[in-house]
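Reader: Before I use the labels attached to this model, I would like to know what each of them rests on. Please set the values against the cut-offs.

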Amino acid sequence: MIDEQHIVKVGMADLNVIRGQGLIRTTGLGSCVGVTLFDPLLKLAGLAHVMLPSSSIAREGALNIAKYADTAVPELVNKLKALGASQSRLVAKMAGGSQMFTFAGTGDSMRIGPRNVESCKAMLSQLGIPLLAEDTGGNYGRTIELDCETGILFIRSVQMGIKEL
Amino acid sequence: MDLFKDFEEFKMDVLKEVGNIGAGNAATALSRLLDKPIDMAVPKVQMLPFEAIAERVGGAEKIVLAVFFRVEGDTPGNLFFILSPEAAKKLLHRLAGIEVESGDSFSEMEWSAISEIGNILAGSYISSLADFTSLSMTPTVPALAMDMAGAILSYGLLQFGEMGDSAMLIDTTFIEGKHEVEGQFFLIPDPESFAKIFAALGVPMSHD
């Protein structure tokens with residue numbers, strides 16, 4: 001968490017990769033999930049800020065594949081492979097997927113956090129990428145940073161402070 | 001997002017008026033509660049990229065207190081009443097004479113008082129819109145959270161998320177006294193609700 005470092009920022013419904021040195025970060029994850037992939041040999045890392053579980057509900061013209069779990073995870077794998085990563089070396093960590101608000105009559109959209117988490121996990125297992133660690137659920141927001149040298153995922157939240165995975 | 005591609009200026013003006021009426025009534029309700037005049041800024045209505053929406057309250061990591069309502073009925077949507085934690089403390093003090101604890105935490109009583117204030121304000125916001133448009137709109141029970149703005153506001157963007165990467169935001173700020181208590185209403189109607197709002201107000205929707 002040193003600010004002078006090279007930092008790649010990933011916005012909501014966005015994904016990006018980083019190699020060599022520095023951090024890749026996304027801020028304010030609520031029901032959204034931050035999925036990170038890491039190739040420890042090449043020190044290559046990628047992060048997707050996933051907003052919705054499945055692209056099957058998409059009604060947009062040009063699909064933003066970074067937004068949906070089922071399209072963002074494969075795309076992130078492809079981006080890392082294009083930089084030389086081997087799919088068999090990739091390991092995943094993820095955080096987010098909380099339920100910021102609780103209601104008496106919990107509608108489907110209120111359960112979006114857990115659904116995002118489930119969908120990301122399903123994609124990872126489909127692609128044969130092990131999920132090493134996760135900090136998901138709860139009712140609070142998270143900002144996450146992955147160090148692409150070490151693969152350590154830093155998670156910051158208002159209530160919990162800083163956590164390392 | 002073809003639906004909003006060529007939203008004419010006057011449609012934006014109609015949405016501004018929607019914000020004006022809703023927040024205006026909420027401001028009146030707050031003014032009665034506080035027995036003080038409340039000013040309101042001109043509503044900002046804009047199609048904003050998701051990232052830019054949290055910027056309106058100080059960025060994705062800014063800690064805000066938000067009361068969230070899902071609006072149900074003819075024109076579903078999401079309504080947030082947003083305060084800084086400091087403003088919330090001041091509001092509680094003014095309103096209930098609650099001797100607020102300093103620091104960032106809120107007691108259970110403070111928490112439920114904020115929720116109730118939010119409920120009153122949202123109730124007047126939504127019921128005045130319902131009257132104005134003759135549409136049925138009912139806010140759900142309030143849900144309260146204090147956390148990163150990005151994490152909170154993303155809940156209001158899910159419906160737009162299925163259609164694109166930006167959302168139509170009706171943003172109204174009210175100010176008490178010398179900016180001592182400042183709060184914001186964010187109304188984000190579901191994409192499907194706009195046609196109904198316009199139809200109810202006699203604004204023709206163009207179809208391409």
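**Strands in chain A**

Author: Strand β4(A) has buried residues on both faces, with Val33(A), Val35(A), Leu37(A) and Asp39(A) on one side and Gly34(A), Thr36(A) and Phe38(A) on the other. The model is a predicted one, where local features need pLDDT of at least 70 and side-chain atom pairs count only at pLDDT 80 or more, while totals for chains, interfaces and linings use all residues. Residues are numbered from 1 along each chain as its sequence is written, chains are lettered from A and ligands numbered from 1 in the order in which they are written, and side-chain values use heavy atoms, leaving out hydrogens and water.

Reader: What makes β4(A) largely enclosed by the rest of the structure?

Author: Seven of the seven residues in β4(A), residues 33-39, are buried, so the strand is largely enclosed. Buried means under 20% relative accessible area, exposed means over 50%, and partly exposed lies in between (1.4 Å probe, protein chains only). Asp39(A), at 0%, therefore counts as buried. Strands are DSSP runs of E with at least two residues, helices are runs of H or I with at least four, and both are numbered from the N terminus.

Reader: Which strand does β4(A) join through six bridges?

Author: That strand is β6(A), residues 91-96, and the two run antiparallel. Phe38(A) has Val91(A) as its bridge partner, and Gly34(A) stands opposite Ala95(A). β6(A) also pairs with β7(A), residues 131-136, in the parallel sense over five bridges; there, Met94(A) has Glu134(A) as its partner.

Reader: What makes β6(A) mostly covered?

Author: Six of its six residues are buried. Val91(A), Lys93(A) and Ala95(A) lie on one side, and Ala92(A), Met94(A) and Gly96(A) on the other.

**Salt bridges**

Reader: Why is the pair Arg89(A) and Asp39(A) called a salt bridge?

Author: The term requires a side-chain nitrogen of Lys or Arg within 4 Å of a carboxyl oxygen of Asp or Glu. Here the N to O distance is 2.9 Å, so the pair qualifies. Arg89(A) lies in the loop between α1 and β6 of chain A, 50 residues from Asp39(A) in β4. Arg89(A) has a relative accessible area of 29%, so it is partly exposed.

Reader: Which residue meets Glu61(B) in a salt bridge?

Author: Arg156(A) does, at 2.6 Å from N to O. Glu61(B) has a relative accessible area of 30% and Arg156(A) one of 24%, so both are partly exposed. The count between chain B and chain A is four salt bridges.

**The contact between the chains**

Reader: What makes up the contact between chain B and chain A?

Author: It takes 29 residues from chain B and 36 from chain A, contact meaning heavy atoms within 4.5 Å. The chains bury about 2600 Å² between them, 63% of it on carbon and sulfur atoms; this is the accessible area (1.4 Å probe) lost on being put together, summed over both parts. In chain B, Tyr155(B), Leu158(B) and Glu162(B) lose the most area to chain A, together 27% of what that side buries.

Reader: Why is Gln159(B) called buried?

Author: Its relative accessible area is 13%, so it falls under the cut-off. Gln159(B) is in helix α6 of chain B.

Definitions and conventions: Buried area = accessible area lost by both parts, 1.4 Å probe. Pairing = 2+ DSSP bridges.
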